[in-house]
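Trainee: I am new to this structure and would like to learn how to read it. Could you take me through it one feature at a time?

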Amino acid sequence: MTDPLILSLAESHDLRLVGGKAVGLGKLHRAGFAVPEGLCVTTAVYRHALAAAGIDAEEAWRTVVRLSGEERARELARIQGCLLRQAWPDGFEADLGARLAGLAHDPATCWAVRSSATNEDAARSSAAGLYRTSLGLSSDNVCRALRDCWASLWHNSVVEYLLPTSGEASGPSMAVVIQPLLKAAVAGVGYSIHPLTGRTSQVVINAVPGLASSLVSGEVTPDQYVVEVVEQDGRPLRIRRRLLARKQQKLVSTPAGVQSEMIPDSVQEQSSLSDAQLFELAWLSKQIEAAFRCPIDLEWVWDAERLWVVQARPITAVRPSMALTNDECEWTRANLKETMPELPSPLGLSFLERFMDSYIIEPYRRLGCTVPDGLSSVRVLHGRPYLNVTLFYTLVSQLRGSPAFLTEQMGGEPVEFRPSVQALGGLALLRAGWFMIREWRRVVREGPRNFAAMKEMAERYQSPRIQHLSVQELAEILERVGHWLDEHEVTFGIAGGVAQGLQAMSTFLPGWLGADWRELLNASLQGQGTVISAQQIVRLAELVDVARGEDVVRQWFLSDGWLSHEFREALKGTGFLQRFEQYLAEYGHRAVGESDIMSPRIADQPDAVLTVLRTHLCDGGALSPRELLSRQAKRREEALAEIKRRFGWRRHRWAVFRWWYRRLSRFCVLREANRHHLMYYSTAVRHLLLQLGERMVEQGILAQSDDVFYLTMEEQAALSGGAPRDWRLLVQDRRQQRRRHEEAQVPDTIRDWEAVVGEADQSRRQEADGLLRGIAISAGTVTGPVRIVRSTDDWGRVRQGDIMVVPVIDPGMAPLFGVAAGLVAEMGGTLSHGAIMAREYGLPVLVNVPYATSLLSENEQITIVSSTGMISRMVP
């Protein structure tokens with residue numbers, strides 16, 4: 001039985017006969033998706049042309065593979081010429097004309113003629129953009145376009161693309177898809193998963209006004225969107241990202257063919273798609289993914305009537321992943337703003353990252369929780385640290401806790417993005433519970449002893465006692481106290497105890513007490529007199545009382561020429577000074593922004609506390625210590641009495657409440673005691689570091705002692721070890737960077753990291769700090785020399801390890817993709833044909849870097865960082 005020459009798309013299912021594109025369209029059509037009616041001219045017609053020309057396809061393929069250079073080019077040109085000259089099978093033209101007439105809406109119908117090679121749109125390789133597509137053709141020109149599709153198969157870029165996978169095996173055959181060209185209002189491409197991260201909960205859409213041929217060829221920068229969907233069923237949740245390009249022209253279908261049309265200035269930066277259209281596209285992408293049973297990319301068109309699918313194929317070179325990435329997580333400063341300065345030091349940020357990873361995240365792992373690879377607990381924007389709220393949401397959810405308490409414990413806004421989380425099974429949950437019980441017992445047993453040890457460290461390493469130590473001795477002590485903290489840190493257990501108490505009470509108190517249960521509970525927890533940080537308020541009130549009772553002290557505080565720094569000389573011999581020195585001994589290691597080791601302690605700058613005391617004396621309204629304690633105790637007792645009253649005759653409720661109340665109170669006290677004594681530890685380390693800085697100043701390595709705070713923990717260790725580096729220059733750069741950060745404004749909550757750092761605007765402007773920005777279309781980091789490639793004349797200069805810088809990513813550049821180490825393009829989108837092929841080769845690629853071929857110089861060393869979309873220029 002002879003193979004058919006023409007099939008409808010509904011009949012197209014045999015890959016050998018109709019090729020990959022037609023198979024995909026046929027599958028879509030049979031599944032009920034909106035696909036324009038069309039025809040497939042099968043590979044039987046292509047094989048007929050080869051046979052008529054006396055060409056054995058398999059032998060011809062082996063020949064061109066073995067040849068190279070001009071010999072291969074001549075042989076390919078010979079085969080192309082033969083295909084363009086051959087006669088059609090008997091009756092084919094008439095049959096095709098009749099079939100086209102049956103599809104045409106009117107005599108002026110224009111046609112889209114597109115390749116459908118047997119290796120096209122395959123699961124392992126897409127061959128995206130390799131073969132010929134012709135748009136806006138009249139019926140008289142369709143046959144010529146068929147031959148052009150055949151000829152495009154015999155091109156050097158196809159040979160080079162297939163060599164790594166096919167070798168000298170037979171080449172593909174070519175079928176051709178013919179469809180009426182839609183009058184596109186807007187068109188584009190979509191990925192059912194994120195093309196960089198593989199994230200299955202994100203659909204990526206690129207769109208341009210009019211036809212999308214310039215988009216898929218990479219010649220224009222499209223509007224780019226990311227739509228968040230429910231992982232389980234694909235329902236759209238929200239539009240996560242919207243990057244709008246300036247669109248000056250569009251391609252439109254006219255009776256005379258495809259023509260370019262100017263877009264009015266007033267609408268050039270408007271979104272190509274509405275939110276409703278984006279949601280419909282995202283939903284359609286996930287439905288097609290389900291039908292194909294694999295992630296897909298699709299080409300789509302929206303005309304005046306509806307949304308159409310004009311191509312769908314399996315995604316290649318991207319592995320689907322449900323793993324979270326940092327960019328899609330939500331971040332908050334709320335908790336950190338309470339304990340760190342607005343701009344923490346590099347050393348403070350470095351310690352924060354280590355503290356979170358070692359003392360908070362790692363214990364979660366020991367509980368059995370899964371922490372996705374590459375996910376950070378801390379991230380920094382313009383010098384400000386943020387905590388990963390989404391990460392903590394997943395950890396709490398794995399332990400079957402209430403994520404609602406995240407906001408209460410961390411502060412800030414409630415988490416909006418709630419990824420699906422697999423909770424621990426029953427046995428694993430029991431193991432986690434047993435681990436926490438042991439941790440709580442350890443906290444109660446070892447906490448007081450550890451607190452005393454940290455306080456003793458602060459006394460032992462006071463500045464006068466360590467002035468004689470050498471660099472090596474200081475480094476050894478710093479390493480030793482670091483190991484001590486690794487073994488004795490108890491923050492996780494204490495935080496877990498507080499969280500358990502609050503969550504347990506939240507399960508029964510709302511029903512037992514009513515809507516104001518939280519207010520009553522908070523009131524019942526105050527004024528216990530055992531929370532060490534609260535005792536500081538009482539000590540200050542005592543100091544105000546003492547100052548009022550000593551005339552010399554009161555007069556000094558209230559004098560017009562008051563100078564706080566002269567307090568020791570002015571108040572010498574007074575009872576107030578003695579009490580104030582005791583206060584500094586007890587609380588002088590605390591500070592504003594005290595979690596940053598660079599922040600001066602109260603003992604270093606007591607002026608602020610003295611100013612507060614002076615304000616109380618001037619106002620005269622400060623409560624006495626007795627009044628302060630009495631007021632707090634009264635509120636506590638009133639709250640407890642009200643709680644008991646509401647329980648009424650249900651005595652078991654009071655018993656349950658009292659048990660959890662005592663437990664929660666104990667851990668609240670421990671939490672504040674832990675923080676208070678960690679600041680003793682921090683003060684000890686601060687003194688050691690400043691002394692190390694003094695030694696480095698003496699040796700001429702640093703300019704001033706506090707330069708050590710501008711190094712990370714790793715850099716500080718390298719400095720102590722004598723690592724050769726221009727440390728002064730590094731610190732100078734960090735201080736300048738800090739001054740730049742001071743000018744930046746940042747939000748307290750970030751729900752879209754890339755949007756906040758300004759990808760929409762910054763990707764189009766170049767920075768004076770040696771950085772260029774673009775849009776990443778494939779993952780990776782690479783450093784290499786620039787090789788500017790504007791045409792094939794430049795191909796010979798590309799060497800292994802070069803980073804190609806090009807105007808656009810042409811799929812015809814495929815031979816160079818196996819040589820280059822990276823790629824930078826002035827324009828393009830994540831879903832263009834060239835981008836798809838570059839991903840298949842595993843190249844780190846940035847697109848949409850305006851004027852890159854002019855701004856970057858030949859042989860200049862640059863680094864592409866896809867995760868940030870940054871190009872760093874190496875300073876000679």
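This is a predicted model: local features need pLDDT of at least 70, side-chain atom pairs count only at pLDDT 80 or more; totals for chains, interfaces and linings use all residues.

Trainee: Which strands hold Glu299 and Arg114?

Mentor: Glu299 belongs to strand β12 (residues 296-302) and Arg114 to strand β3 (residues 111-117), so their pairing ties together parts that are 185 residues apart in sequence. Both Glu299 and Arg114 are buried.

Trainee: Where do Arg78 and Glu75 lie?

Mentor: Both are in helix α4 (residues 69-85), three residues apart, which is about one turn of the helix. The side chains of Arg78 and Glu75 meet in a salt bridge at 2.8 Å, N to O. To read their surroundings, look at relative accessible area, where under 20% counts as buried and over 50% as exposed. Glu75 has 16%, so this residue is buried. Arg78 has 42% and therefore counts as partly exposed.

Trainee: What about the salt bridge of Glu860 and Arg873?

Mentor: That one has an N to O distance of 2.6 Å. Glu860 sits in the loop between α32 (852-855) and β24, while Arg873 is in strand β25 (residues 870-873), so the pair ties together parts 13 residues apart in sequence. Glu860 is buried at 15% relative accessibility, and Arg873 is partly exposed at 29%. Salt bridges can also share partners: Arg787, Asp794, Arg797, Asp802 and Glu858 are joined into one network in this way.

Trainee: How many salt bridges does the count come to?

Mentor: The count is 57 salt bridges.

Trainee: Now I'd like to read strands. Which strands pair with β20, and in which sense, parallel or antiparallel?

Mentor: The general idea is that strands of a sheet pair through backbone hydrogen bonds, either parallel or antiparallel. Thr781 has Val865 as its bridge partner in β24. With strand β21 (residues 803-806), β20 pairs in the parallel sense over three bridges. There, Ile788 stands opposite Val805 of β21.

Trainee: Why is β20 described as largely enclosed by the rest of the structure?

Mentor: Strand β20 covers residues 781-788, and six of its eight residues are buried, so the rest of the structure largely encloses this strand.

Trainee: In what order do the four strands of the open sheet come?

Mentor: The order is β15-β16-β14-β17, with antiparallel pairing. At the edges are β15 (378-381) and β17 (749-750); each has a single partner strand, so one side of each is left without a neighbour in the sheet. Further in, two bridges join strand β14 (residues 331-332) to strand β16 (residues 384-388). Thr332 stands opposite Leu387 in β16. Helix α12 (residues 389-398) packs on this sheet, touching β14 and β16, and its direction makes about 25° with that of β16.

Trainee: Let's turn to rings. How many aromatic pairs does a search of the whole structure find?

Mentor: The search finds 28 aromatic pairs. A pair of aromatic rings is described by the distance of the centres and the angle of the planes. Take Trp556 and Phe557: their ring centres are 5.0 Å apart and the planes stand at 65°, so the pair is edge-to-face. Trp556 and Trp562 have centres 5.6 Å apart and planes at 65°, so this pair is edge-to-face too.

Trainee: Are Trp556 and Phe557 buried or exposed?

Mentor: Trp556 and Phe557 are buried, and Trp562 is buried as well.

Trainee: Which residue has its charged end over the ring of Phe292?

Mentor: Lys27 does, with its charged end 4.7 Å from the ring centre. In another case, Arg663 lies over the face of Trp440, at 4.7 Å from the ring centre.

How values were computed. Residues are numbered from 1 along each chain as its sequence is written. Side-chain values use heavy atoms; hydrogens and water are left out. Buried means under 20% relative accessible area, exposed over 50%, partly exposed in between (1.4 Å probe, protein chains only). Two strands pair if DSSP finds at least two bridges between them. Rings of Phe, Tyr and Trp (its six-membered ring) pair if their centres lie within 6.5 Å; planes under 30 degrees apart count as stacked, over 60 as edge-to-face and the rest as tilted. A charge sits over a ring if NZ of Lys or CZ of Arg is within 6 Å of the ring centre and within 35 degrees of the ring normal. Contact means heavy atoms within 4.5 Å. Axes are lines fitted to C-alpha atoms, for helices over the stretch in contact, and angles run from 0 to 180 degrees between N-to-C directions. A salt bridge is a side-chain nitrogen of Lys or Arg within 4 Å of a carboxyl oxygen of Asp or Glu.
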